[in-house]
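I opened the notebook for a look through this structure, going from the whole chain down to single residues. Here is what I looked up, entry by entry.

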Amino acid sequence: MVTSAASAVPRLVVAAPSSGSGKTTVATGLMAAFAGRGLAVSPHKVGPDYIDPGYHSLATGRAGRNLDAYLCGPELVGPLFLHGARGCDIAVVEGVMGLYDGAAREGELASTAQVAKLLGAPVVLVVDASSQSRSVAALVHGFVSWDPEVRIGGVILNKVGSDRHEALLREALDSVGVPVLGVLRRVPQVATPSRHLGLVPVAERGAAAVDAVAAMAAQVSDGCDLEALAALARAAGPLPGGAAPWTPGPGPAPSRHPAPSDGTSPPRVAVAGGPAFTFSYAEHTELLAAAGAEVVTFDPLRDEELPEGTAGLVVGGGFPEVYASELSANEPLRKAVAELALSGAPVAAECAGLLYLCRELDGSPMCGVLDASARMTGRLTLGYRDAVAVSDSALAVAGTRMRGHEFHRTVVEPGAGAAPAWGVRAPERRVEGFVERGVHASYLHTHWASEPGVARRFVERCRTS
């Protein structure tokens with residue numbers, strides 16, 4: 001049973017009426033500002049997004065973690081939060097989309113509001129005030145009164161134009177009874193560049209990302225009442241329902257440079273990283289390690305061979321389309337990946353990993369593990385998916401049900417092999433992905449914490465293949 005002290009970590013949820021209001025700037029800046037005061041800050045993101053947690057990690061020095069009630073189920077939101085927040089002084093949770101927006105046609109499921117209620121956390125509403133004055137009161141009143149179970153503890157006004165504009169906004173909000181905890185003006189250097197799938201990841205920006213996070217921290221520190229925000233977080237109390245921290249189970253910690261395998265050592269699982277493959281959930285490597293694997297990261301853009309003794313390979317999501325020529329130019333590594341897959345070793349590839357295993361991507365040769373080609377398109381494929389494993393694989397037995405998420409502007413032809421990976425129910429019934437030898441490759445992003453047997457099965461296959 002978790003102690004009340006362990007479950008009472010101070011916490012805030014940073015939400016907004018809609019996307020584009022400034023949640024990421026405020027949440028990341030608040031994390032960095034608290035960390036700058038010497039606090040251990042636990043960073044979290046509602047939903048499946050991989051990019052914002054990279055900025056959160058840069059701001060706090062801790063792994064950014066996702067809280068997704070669709071992928072993992074509402075029952076895991078509290079435990080996963082407590083797992084990430086162990087030993088921390090305060091936690092900041094960045095919301096997704098608008099406060100009450102969730103999975104399509106699923107009510108409040110996977111919304112920021114639902115996660116706030118599951119965590120018993122107060123919400124700070126970030127409002128883009130750039131084109132309104134008195135109307136801000138009606139907007140905030142509507143969000144406060146929509147769901148009485150959601151506690152909006154304060155408002156941060158973003159993109160405020162002048163002192164007079166600020167005075168008008170504050171006067172209007174006096175009637176709502178929600179305190180103004182911060183006022184932010186436009187600061188160009190805080191803006192972070194975007195492209196076809198959202199913000200450019202931290203791993204691709206280097207020093208520019210560090211500067212952007214520092215600017216966010218400065219803006220939040222100057223414009224927000226950090227003491228009042230910390231007091232609001234401390235008022236959260238224990239999590240509802242007596243949730244206990246999630247655990248991946250006992251096992252060795254992930255390592256970047258473990259000793260070479262001698263046949264009796266734990267199986268080595270190589271995990272792709274670097275700028276081209278930045279999409280991963282922290283819990284995946286923790287689950288692999290807990291299942292007995294040694295986890296080694298490598299960079300397909302720079303490393304010309306797989307880590308010595310690799311027994312299994314995980315290639316997650318990212319932006320191989322941006323780095324297609326560089327990935328293609330690393331011919332020694334492409335051949336090593338193909339040889340590993342041909343040997344029957346377990347290979348798990350999601351989205352970007354799927355593209356990397358194809359014959360080609362936009363005309364550039366890839367690993368050639370799959371008899372399929374990939375190309376960029378102008379169409380965005382985005383949304384949650386209910387899926388069932390169609391074929392036995394290194395990840396799951398046929399019939400295993402999981403929930404996933406698709407997020408890409410590419411297409412793979414054909415979309416499924418002779419033994420598909422998943423049967424997907426929405427938005428239309430179809431099969432997709434490939435199961436060949438030890439390879440499981442698919443567009444579907446999944447969160448293994450929802451089905452820990454995935455990691456255990458994968459590591460066991462690494463031992464026996």
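**Entry 1: overall picture.** I began with the cut-off: a residue is called buried when its relative accessible area is under 20%. By that rule, buried residues make up 58% of the 465 residues in the protein. I noted for myself that this is a predicted model.

Next I looked up the overall dimensions. The C-alpha trace spans about 70 × 50 × 40 Å along its principal axes. The radius of gyration is 23 Å, which agrees with the value near 23 Å that a compact globule of 465 residues would have. For secondary structure I found 15 helices and 22 strands.

I also checked how far along the chain the contacts reach. Of the contacts between residues at least 6 apart in sequence, 76% join residues at least 24 apart.

Entry 2: I found 39 positive and 47 negative side chains, with the centres of the two sets 4 Å apart.

**Entry 3: helix α3.** Is α3 enclosed or open to the outside? Seven of the ten residues in this helix (residues 51-60) are buried, so α3 is largely enclosed by the rest of the structure. The buried ones are Ile-51, Asp-52, Pro-53, Tyr-55, His-56, Ala-59 and Thr-60. Just after the helix, Gly-61 takes a positive phi of about 75°.

**Entry 4: Leu-119.** I then moved to helix α5 (residues 112-119), where Leu-119 lies. Leu-119 counts as buried because its relative accessibility is 0%. Which residues does Leu-119 touch, leaving out those up to four places away in sequence? My list reads Arg-11, Leu-67, Val-77, Gly-78, Phe-81, Val-93, Leu-239 and Pro-240.

**Entry 5: the partners of β16.** With β17 the sense is antiparallel, over twelve bridges. β16 also runs antiparallel to β18, joined by three bridges. I liked Ala-387 as a landmark here: it stands opposite Met-402 in β17 and also opposite Val-424 in β18.

Entry 6: Which peptide bond is cis? I found the one from Glu-413 to Pro-414, with omega near -5°. Pro-414 sits in the loop between β17 (401-413) and β18 (422-424), and those two strands both pair with β16.

Asp-362 has a phi of about 50° and belongs to the loop between β14 (360-361) and β15 (364-365). Arg-437 also has a phi of about 50°, in the loop between β20 (434-436) and β21 (439-442).

Technical notes: Residues numbered from 1 in each chain as written. Predicted model: local features only at pLDDT ≥ 70, side-chain atom pairs only at ≥ 80, totals over all residues. Heavy atoms only, no water. Helix = DSSP H or I, 4+ residues; strand = E, 2+ residues; numbered from the N terminus. Rg over C-alpha atoms; globule rule 2.2 N^0.38 Å. Buried < 20%, exposed > 50% of the residue type's maximum accessible area, 1.4 Å probe, protein only. Contact = heavy atoms within 4.5 Å. Lys, Arg positive; Asp, Glu negative; His and termini not counted. Charge placed at Lys NZ, Arg CZ, Asp CG, Glu CD. Pairing = 2+ DSSP bridges.
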